[in-house]
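Student: Hi! Could you walk me through this one? I'd like to start with the surface.
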Amino acid sequence: MRSVTIHPSIRTKRLVLAPYAMRDVDELHWVRSNREVMQHIGKGVLTRPGVQDTV
């Protein structure tokens, strides 16, 4: 059985920080598959299935 940790959202007047959701996969994949971006963060580019596993 897989355990799930619930992370609360943080909200201010101008910003909402929330955990990723499945509706975020397309946009997150766009960023995480970009080699130019990922050379500075993370451990390299991710495929769409890799992004889905992250979410």
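Student: Which residues make the nonpolar surface patch of about 380 Å²?
Tutor: That patch is made by Trp30, Val31, Val37 and Ile41. Keep in mind that this is a predicted model.

Student: Where does Trp30 lie?
Tutor: Trp30 lies in helix α1, which covers residues 25–32.

Student: And does Trp30 count as buried or exposed?
Tutor: Trp30 counts as exposed, because its relative accessibility is 65% and the cut-off for exposed is over 50%.

Student: Switching to Arg32, where is that found?
Tutor: Arg32 is found in helix α1 too. Arg32 is buried, yet it has no salt bridge.

Student: Which side chain of opposite charge is nearest to Arg32?
Tutor: That would be Asp53, and it is 11 Å away.

Student: What does Arg32 touch, then, leaving out residues up to four places away in sequence?
Tutor: Arg32 touches Met38, Gly44, Val45, Leu46, Val51 and Thr54.

Student: Let's zoom out. How many helices and strands are there in the protein?
Tutor: The protein has three helices and two strands. Along the sequence they follow the pattern β-β-α-α-α.

Student: How much of the protein is buried?
Tutor: Of the 55 residues, 13% are buried. The accessible surface comes to about 5200 Å², and carbon and sulfur atoms account for 55% of that.

How values were computed. Residues are numbered from 1 along each chain as its sequence is written. This is a predicted model: local features need pLDDT of at least 70, side-chain atom pairs count only at pLDDT 80 or more; totals for chains, interfaces and linings use all residues. Side-chain values use heavy atoms; hydrogens and water are left out. Patches are made of residues with over 30% relative accessible area and no salt bridge: like charges are joined within 9 Å, nonpolar side chains (Val, Leu, Ile, Met, Phe, Trp, Tyr) within 5 Å. Accessible areas come from the Shrake-Rupley method with a 1.4 Å probe; for residues, only the protein chains shown count as cover. A salt bridge is a side-chain nitrogen of Lys or Arg within 4 Å of a carboxyl oxygen of Asp or Glu. Helices (H or I, at least four residues) and strands (E, at least two) are DSSP runs, numbered from the N terminus. Buried means under 20% relative accessible area, exposed over 50%, partly exposed in between (1.4 Å probe, protein chains only). Lys and Arg count as positive and Asp and Glu as negative; His and the chain ends are not counted. Contact means heavy atoms within 4.5 Å.
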